[in-house]
Amino acid sequence: MQNILKSIGSGVIFGNKIKQLFDIAKIKGFAIPAINCIGTDSINASLEAASKLRAPIIIQFSYSGSSFIAGKKINSIRGSVLGAISGALHVHNVAKDYNIPVILHTDHCSKKMLPWIDALIIEGKKHFQKTGIPLFSSHMIDLSAENLKENINISSMYLTNISPLNMMLEIELGCTGGEEDASFGNCHGVYRFGNIKLKPEILKFSQQCVAKKFGLPHNPLNLVFHGGSGSDIKDIKRAIKYGIVKINIDTDTQWATWKGILDFYKKNKNYLYTQLGNPEGSDSPNKKFYDPRNWLRCAQLSMIDKLEAIFYHLNSVNIL
């Protein structure tokens, strides 16, 4: 069995190492969770989960998530640029110590948000000149609201621009309108189990068509599943069989984070109304309960538990 960690290494990975990881994922039949993060709490929880389960992971930032990292006071595009840079530098600083491969990525960027990616590419070039590695492993451009020709033309220009930085580009083809990934029958957000009807055969036939037309091997495309809330696990596993290597995770980890805080409150509410005074006495301090490090850690642990279940569903446990 190939030692993935030995061949790919730990920390943030780029270029051929990502390609190698995706190839291994398709051969071994697993997908890599891509976790939308909004700060060091969610970044660290994601890295901890992957390290615990001995699996690679993708850390990604959206436009709004990046803005939150910088602080909502900076509410222009500059905030999203600064936040993405800040989050990326944190991942670079700590990822290697978690002893797992990490892909550092930006999430959906529509045409009107392209100045955000433009600014990050400029910063990425500066980082590359200074360190020899890019700031991000890859970017994602979602031009599904545009016509197919324009989508391909713009995406090609961006790929040409970032390839010298040893970066990859994720794109979304088809006129699916950004939020609705209708070409694969799935939608963003949370839905009751069974309400989402996936058609993994679309992926199978697409792979077969591309392989036949261009003389490529089995499952030549690296495909992305934009969320699985409410989907049948059997359909998700079939999608992985047909070349899904990346699955975006956001809604489920948002809920898990909140549930960790909610459960902490329910358990300790008699210690959370005042700084002094609780069932143990009117002068007893409550600092150890309202200290943010305690309830934020509960949020992290709840998120880690949820991610553990997700990693198992994606066949992505103990593969390093």
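Modeller: Let's start with burial: a residue is buried under 20% relative accessible area, exposed over 50%, and partly exposed in between (1.4 Å probe, protein chains only). This is a predicted model, where local features need pLDDT of at least 70 and side-chain atom pairs count only at pLDDT 80 or more, while totals for chains, interfaces and linings use all residues. Residues are numbered from 1 along each chain as its sequence is written, and side-chain values use heavy atoms, with hydrogens and water left out.

Biologist: Okay, so which class does Arg238 fall into?

Modeller: Partly exposed, because its relative accessibility is 29%. Arg238 is part of helix H9, residues 233-241; helices (H or I, at least four residues) and strands (E, at least two) are DSSP runs numbered from the N terminus.

Biologist: What does Arg238 touch beyond its sequence neighbours?

Modeller: A contact is heavy atoms within 4.5 Å. Skipping residues up to four places away in sequence, Arg238 meets Pro200 and Glu201.

Biologist: Where is Ser10, then?

Modeller: In the loop linking helix H1 (4-8) to strand S1 (11-12). Ser10 also counts as buried, because its relative accessibility is 16%. With neighbours within four places left out, Ser10 contacts Leu5, Lys96, Asn99, Ile100 and Pro101.

Biologist: How many residues does helix H12 have, and what does it span?

Modeller: The expected span of a helix is 1.5 Å times one less than its number of residues. H12 (residues 292-313) has 22 residues and reaches 32 Å from first C-alpha to last, close to the expected 32 Å.

Biologist: Which elements do the buried residues of H12 pack against?

Modeller: Strands S2 (32-36), S3 (57-61) and S10 (244-249), plus helices H3 (40-53) and H10 (251-268). The buried residues themselves include Ala299, Met303, Leu307 and Phe311. After H12 comes Asn315, with a positive phi near 60°.
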